[in-house]
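This report looks at one strand, its partners and the surroundings of a ligand. Please have the sequence and the structure open while reading.

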Amino acid sequence: MAFPKKKLQGLVAATITPMTEDGEINFSVIGQYVDYLVKEQGVKNIFVNGTTGEGLSLSVSERRQVAEEWVTKGKDKLDQVIIHVGALSLKESQELAQHAAEIGADGIAVIAPFFLKPWTKDILINFLKEVAAAAPALPFYYYHIPALTGVKIRAEELLDGILDKIPTFQGLKFSDTDLLDFGQCVDQNRQQQFAFLFGVDEQLLSALVMGATGAVGSFVSRDLSTLLSN
Ligand SMILES: CC(=O)N[C@@H]([C@@H](O)[C@H](O)[C@H](O)CO)[C@@H](O)CC(=O)C(=O)O
């Protein structure tokens, strides 16, 4: 996929990972899932292996297979497939990023490492930079979700000068209720054309007022999709 490409905007569905009753991934329904999103809900962008998809509870091998299946089944139907490749291990994260590029995904997203946590912006940026560098042709999104990672570095602080460190940076997936931080991210980066994707469904309307360019959510519907495409 060539970079830069079309900006990611509007409604992005955070997909669940379908499982069988015995705890295996149910690959057989992913094709139907794509059709359901596109035809029934009017959604053509997806976010795979994120929180809703329980990516961090899957093995690396499972994450690779899930990503591949969504890209394959979404071909010529979906506009963009973004793969969450965050992991505690930098090497695993890089492997997943590289894999996302190889299978033709449209972008990657990464959360902050959440066990031994980065305690400064520079440490976090250095981690993200190393992952982004493993897929230099893919748009990169930072997935800010402090309630789950415990990494409280404000997104606004992180974005300051980010393109100097991560040239493929394309936007922010902001899953936090701190609307002041979100508003400052939007306000202070107006020149950059970043995607500002809001991730707390309950506060989406407020975030749209503040300049969100789209949303990544577990709740999707045709009405929401229409609202966000206007
Ligand atoms: C923590 C979480 O799962 N957040 C959801 C929301 O859609 C969330 O389910 C919703 O706001 C309900 O609380 C999305 O932001 C999920 C998401 O983007 C993801 O799966 O990565």
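## Pairing of strands

Two strands pair if DSSP finds at least two bridges between them. The model described here is predicted.

Strand E3 (residues 80-84) pairs with strand E4 (residues 107-111) in the parallel sense, over three bridges. Within this pairing, isoleucine 82 stands opposite glycine 107 of E4. Between E3 and E4 the chain passes through helix H3 (residues 90-103), and this β-α-β crossover is right-handed.

## The link to E2

Strand E2 (residues 45-48) and E3 are parallel and joined by four bridges. One of the residues involved is valine 48, whose bridge partner in E3 is isoleucine 83. The chain goes from E2 to E3 by way of helix H2 (residues 60-74), in a β-α-β crossover that is right-handed.

## Burial of E3

How many of the five residues of E3 are buried? The count is five of five, and the strand is described as mostly covered.

The burial applies to both faces of the strand. On one side are Gln80, Ile82 and His84, and on the other are Val81 and Ile83; all of them are buried.

## Around the ligand

The ligand is surrounded by 15 residues. The closest are Ala14, Gly50, Thr52, Gly199 and Asp201.

Sorted by class, the shell holds eight polar, five nonpolar and two charged residues.

Notes. Residues numbered from 1 in each chain as written. Predicted model: local features only at pLDDT ≥ 70, side-chain atom pairs only at ≥ 80, totals over all residues. Near = placed C-beta within 6 Å. Nonpolar A, V, L, I, M, F, W, Y, C, P; charged D, E, K, R; others polar. Buried ≥ 20, exposed ≤ 12 C-beta atoms within 10 Å, placed from the backbone. Helix = DSSP H or I, 4+ residues; strand = E, 2+ residues; numbered from the N terminus. Right-handed = clockwise from strand over helix to strand, strands pointing away.
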